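The sequence and structure come first, and the description follows.

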Amino acid sequence: MKFKINEIFDSIQGEGLFVGTPMNFIRFCSCNLKCNWCDTDFHDGREMGLGDVLKKLNKAWAWVSLTGGEPMLEENLKVLIDSLHENQLKILLETNATIFDEKVFERCDFISADIKPPSSGNSVWDSKVMEYCFRNPGKSQLKIVIQNRGDVKFFQEVCQKDYPNWILQPEFNAMRKLDYGKILNLIPENVRIIPQVHRIMGVR
Ligand code: SF4
């Protein structure tokens with residue numbers, strides 16, 4: 001069994017509720033979206049067997065982020081997750097929210113679902129992903145990149161006020177141009193605005 005992998009590395013989680021946490025990252029190749037502001041070069045990659053993947057991981061860190069590209073496109077993801085768990089590792093799935101598979105989601109310790117706003121150029125998602133997060137607030141976050149007022153308006157439309165883990169992530173190049181005073185007046189208090197900390201620190 002082979003996995004198509006762009007890179008495996010350990011670093012600091014720079015996004016969302018886990019910000020600052022050292023963890024492993026398994027970045028898969030290919031994505032089913034093409035966001036305008038995508039900062040990921042996920043096209044190159046190589047096929048790796050399960051044993052090679054496990055050998056590359058830093059076992060000092062408890063968490064493994066499955067990221068991309070879009071990890072949900074990987075056909076043998078369940079097998080990989082089960083093997084990581086057998087190695088006492090916890091799974092953070094970072095997905096673009098367009099593909100739902102309850103069996104995969106149930107296996108993961110935490111789901112980070114990116115709901116793409118209008119500035120991405122492809123504001124699509126599977127509503128079952130969002131509903132899963134609403135049903136499982138203890139193991140999920142819903143993240144929306146904001147580049148402009150249109151994205152904030154989009155967030156206001158999809159926001160459910162009783163869900164506790166909304167993250168607004170300023171798009172990196174627009175980060176210093178956003179008017180946070182105005183944005184704060186538009187959003188409920190259960191929202192956290194968190195930039196990409198790893199990029200500020202200059203780590204990948
Ligand atoms: S979903 Fe993520 S990896 Fe895919 S194109 Fe958009 S930003 Fe890039």
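In which loop does Q88 lie? Q88 lies in the loop between α2 and β5 (90-95).

## Basis of the description

This is a predicted model, in which local features need pLDDT of at least 70 and side-chain atom pairs count only at pLDDT 80 or more, while totals for chains, interfaces and linings use all residues. Residues are numbered from 1 along each chain as its sequence is written.

## Overall fold

The chain has seven helices and nine strands; these are DSSP runs numbered from the N terminus, with helices being H or I of at least four residues and strands E of at least two. Along the principal axes, the C-alpha atoms fill a box of roughly 50 × 35 × 30 Å. A compact globule of 204 residues would have a radius of gyration near 17 Å, and the 17 Å of the chain agrees with that. The radius is taken over C-alpha atoms, and the globule rule is 2.2 Å times the number of residues to the power 0.38.

Of the 204 residues, 34% count as buried. A residue is buried if 20 or more other C-beta atoms lie within 10 Å of its own, exposed if 12 or fewer, and partly exposed in between, with C-beta atoms placed from the backbone. Among contacts between residues at least 6 apart in sequence, 73% join residues at least 24 apart; two residues are in contact if their C-beta atoms, placed from the backbone, lie within 7 Å.

## Nonpolar core

In soluble globular proteins, nonpolar side chains tend to be buried together. Here the largest nonpolar core has 38 residues, and those with the most contacts inside it are I91, C108, I111 and A113. Such a core is a set of buried Ala, Val, Leu, Ile, Met, Phe, Trp, Tyr and Cys residues joined through C-beta atoms within 7 Å. Not counting residues up to four places away in sequence, I91 touches V64, L66, I81, L84, C108 and D109.

Helix α2 (77-86) has L77, L80, I81 and L84 as its buried residues. Seen down the helix axis, these fall within an arc of 100°, so they line one face of α2. The arc is that of the directions from the helix axis to the C-beta atoms. The buried residues of α2 pack against β1 (2-12), α1 (50-56), β4, β5 and α3 (102-107), whereas the face turned away from them carries the exposed residues D82 and E86. After α2 comes Q88, whose phi is positive, near 60°. Q88 is exposed, with 8 other C-beta atoms within 10 Å.

In helix α5 (residues 149-158), D151, F154 and F155 are buried. Down the axis of α5 its buried residues also fall within an arc of 100°, so they line one face of the helix. They pack against β7 (140-146) and β8 (166-170). Q156 and E157, on the other side of α5, are exposed.

## Ligand surroundings

Around the ligand are C31, L33, K34, C35, C38, T40, G68, G69, E70 and N96, a residue being counted if its C-beta atom, placed from the backbone, lies within 6 Å. This shell divides into four nonpolar, four polar and two charged residues. Ala, Val, Leu, Ile, Met, Phe, Trp, Tyr, Cys and Pro count as nonpolar, Asp, Glu, Lys and Arg as charged, and the others, Gly among them, as polar.

The peptide bond from G68 to G69 is cis, with omega near 10°. G69 is in the loop between β4 (63-67) and α2.

## Individual residues

S30 has a positive phi, near 70°, and is not a glycine. This residue lies in the loop between β2 (22-28) and β3 (46-49). S30 is partly exposed, with 15 other C-beta atoms within 10 Å.

K139, in the loop between α4 (127-135) and β7, is partly exposed, with 16 other C-beta atoms within 10 Å. Beyond four places in sequence, K139 touches D109, F110 and I111. P170, in strand β8, is buried, with 20 other C-beta atoms within 10 Å. Leaving aside neighbours within four places in sequence, P170 is in contact with I146, M175, L178, I193 and P195.
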